[in-house]
Amino acid sequence: MSEYSWFDFNRVDFVTADTHFSHARISELAGRPFATVEEMNTQLIRRWNETVGPTDVVLHLGDVALGPIEESIGLTAQLHGRRYLVPGNHDRVSPATQSRKAIERFAPLYEAARWTILPEVIEGTRRGYRILASHYPYKGDSQESDRHTTHRPRWDDGIPLLHGHTHARDHGPNGHQFHVGVDAHAYTPVPFTIIDTWIRGLPDVEPWLDVAIREARRLIADFDASETSNSDALFYVMGYNELRVTLEELLGALDSSHPDSPPNIA
């Protein structure tokens with residue numbers, strides 16, 4: 001079973017990260033081509049709204065805005081679409097950098113600007129493929145060493161991960177990771193169809209249902225082939241527990257493939 005909150009990626013039209021609205025130094029730090037923070041804000045809003053329609057769904061993977069928070073988050077109310085936020089380390093609703101009391105204080109500002117705040121790591125399926133999304137990559141940072149390691153997704157076990165945080169400008173895909181930050185995508189949200197093409201092209205990634213069926217068949221075959229005595233109760237307990245986990249994975253994959261399956265996060 002998943003250790004992360006479940007999210008229905010099928011509903012998402014665009015994904016992005018690291019807009020950093022009103023961050024006075026981000027153009028200098030990330031090499032952005034804007035002379036002033038006002039120019040950056042204007043261009044980010046214009047490019048977003050020229051790309052995203054009023055009814056589109058956008059998943060933002062963190063670091064929406066800095067600067068005076070009421071002003072900077074207030075600016076984002078101009079952005080088109082239904083907007084979900086997976087918090088990044090610079091967001092005032094980030095468990096990695098903010099206290100619970102601070103999150104409770106600032107969350108209403110994000111909600112007033114029409115952001116739906118999600119957990120730090122979400123997992124789900126998109127057209128049958130399993131996906132993780134987080135502000136943080138499995139590995140990588142905008143600095144020399146990886147920060148906030150306890151708030152990152154688990155190790156890379158082959159599940160495609162969408163992320164921001166690195167401010168890399170030269171690529172989106174990198175192994176099982178895909179950087180969706182604006183610095184790599186002309187300061188514009190990424191259509192999820194691009195993510196779909198990337199996932200289907202990964203040589204070692206299969207639809208979740210196919211993986212779950214194969215694992216269930218392997219476990220049953222191993223169980224049937226094992227030689228045990230009548231007194232080997234421990235073997236049966238261990239085998240039962242492993243089979244239960246595998247069946248839960250299989251049922252989860254079946255549920256996710258059903259069009260009427262309700263998501264865990266609305």
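**A tour of the salt bridges**

The count comes to eleven salt bridges, a salt bridge being a side-chain nitrogen of Lys or Arg within 4 Å of a carboxyl oxygen of Asp or Glu. The model is predicted, so local features need pLDDT of at least 70 and side-chain atom pairs count only at pLDDT 80 or more, while totals for chains, interfaces and linings use all residues. Residues are numbered from 1 along each chain as its sequence is written, and side-chain values use heavy atoms, with hydrogens and water left out.

Select R126 and D196 to begin: their side chains form a salt bridge at 2.9 Å, N to O. Because R126 belongs to strand β6 (residues 121-126) and D196 to helix α5, this pair links parts 70 residues apart in sequence; helices (H or I, at least four residues) and strands (E, at least two) are DSSP runs, numbered from the N terminus. R126 is buried, at 6% relative accessible area, and D196 is buried at 4%; buried means under 20% relative accessible area, exposed over 50%, and partly exposed in between (1.4 Å probe, protein chains only).

Next, display helix α5 (residues 192-201), where F192, I195, D196, W198 and I199 are buried. These residues lie on the same side of α5, because they cover an arc of only 165 degrees around the axis, taken from the directions from the helix axis to the C-beta atoms.

Then select R130 and E123, whose closest N and O atoms are 2.6 Å apart in a salt bridge. Both R130 and E123 are buried.

Finally, move to R152 and D141, which form a salt bridge at 3.0 Å, N to O. R152 is buried at 7% relative accessible area, as is D141 at 14%.
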